[in-house]
Each structure stands twice: as C-alpha cells, then as structure tokens.
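Work through the exercises below with the model open. Each task is followed by a stepwise solution.

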Amino acid sequence: ASFYLNKANDELNSVIEQYNLYATRDLQSLQYRKALVSYCAILRLLHNFTESAQYKETKKKIEEISKILEIENSENSCH
C-alpha cells in the first residue's frame with residue numbers, strides 16, 4: 001500500500017510542478033489570467049491539504065494576481 005501511496009504522491013507532485021511551470025511562463029509573458037487558471041488548478045488538486053506550504057504559497061500567488069487584475073476574491077475563478 002505504501003508503494004502505491006508514494007507513487008500517487010509522486011504523480012501529484014509532477015502534475016503540480018507542470019502547472020507551476022505553466023503559471024511561471026504565463027506570468028513572464030504577462031498573461032495573468034492564464035497564470036491564474038494554472039494556480040487555480042493547483043488549488044483544486046491540493047484541496048485536501050490546505051495546511052501545506054504549496055497550498056499556502058499558491059493561494060498567495062492567486063491573491064497577488066487578483067490584485068494586478070483588480071479582481072475581488074469573490075470574483076476569482078478558484079472559488
């Protein structure tokens with residue numbers, strides 16, 4: 001069972017890393033809405049791990065992008 005748990009965690013981390021790469025690329029090209037979509041996808045993947053550092057960091061990045069786009073949290077596509 002621990003083998004499959006580790007395999008699932010590795011796959012989850014791989015997907016999250018891919019979304020982070022997409023978001024970073026989009027931020028560098030000033031495509032804030034696309035970056036927001038990637039960060040929201042990460043939050044959905046981590047919805048059971050709200051106390052994790054990854055979740056908190058992603059939430060912080062979403063708040064920063066929301067300020068740039070002048071989107072209130074209630075309008076945010078993650079909610």
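**Exercises on helix packing**

**Exercise 1.** Locate Thr58 and decide whether Thr58 is buried or exposed.

Solution. Thr58 lies in helix 3 of this predicted model. Its relative accessible area is 5%. Buried means under 20%, so Thr58 is buried. Next, set aside neighbours within four places in sequence: Thr58 is then in contact with Tyr39, Ile42 and Leu43.

**Exercise 2.** Classify Ile68 and give its C-alpha separation from Ile42.

Solution. Ile68 also belongs to helix 3. Its relative accessibility is 48%.

**Exercise 3.** Describe helix 2: its span, its buried residues and its packing partners.

Solution. Start with the span. Helix 2 covers residues 32-45, 14 residues in total. From first to last C-alpha it reaches 20 Å, close to the expected 20 Å. Now list the buried residues: Ala35, Leu36, Ser38, Tyr39, Cys40, Ala41, Ile42 and Leu43. These pack against helix 1 (2-28) and helix 3 (53-68). Take Ile42 as a case: beyond four places in sequence, Ile42 is in contact with Ile16, Tyr19, Asn20 and Thr58.

**Exercise 4.** Which element gives the most residues to the largest nonpolar core?

Solution. The core has 13 residues; Ala35, Leu36, Tyr39, Ile42, Leu46, Ile62 and Ile65 touch the most other members. Helix 1, helix 2 and helix 3 each give two or more residues. Helix 2 gives the most, with 6.

Technical notes: Residues numbered from 1 in each chain as written. Predicted model: local features only at pLDDT ≥ 70, side-chain atom pairs only at ≥ 80, totals over all residues. Heavy atoms only, no water. Helix = DSSP H or I, 4+ residues; strand = E, 2+ residues; numbered from the N terminus. Expected span 1.5 Å × (residues − 1). Buried < 20%, exposed > 50% of the residue type's maximum accessible area, 1.4 Å probe, protein only. Contact = heavy atoms within 4.5 Å. Core = buried A, V, L, I, M, F, W, Y, C linked by side-chain atoms within 4.5 Å.
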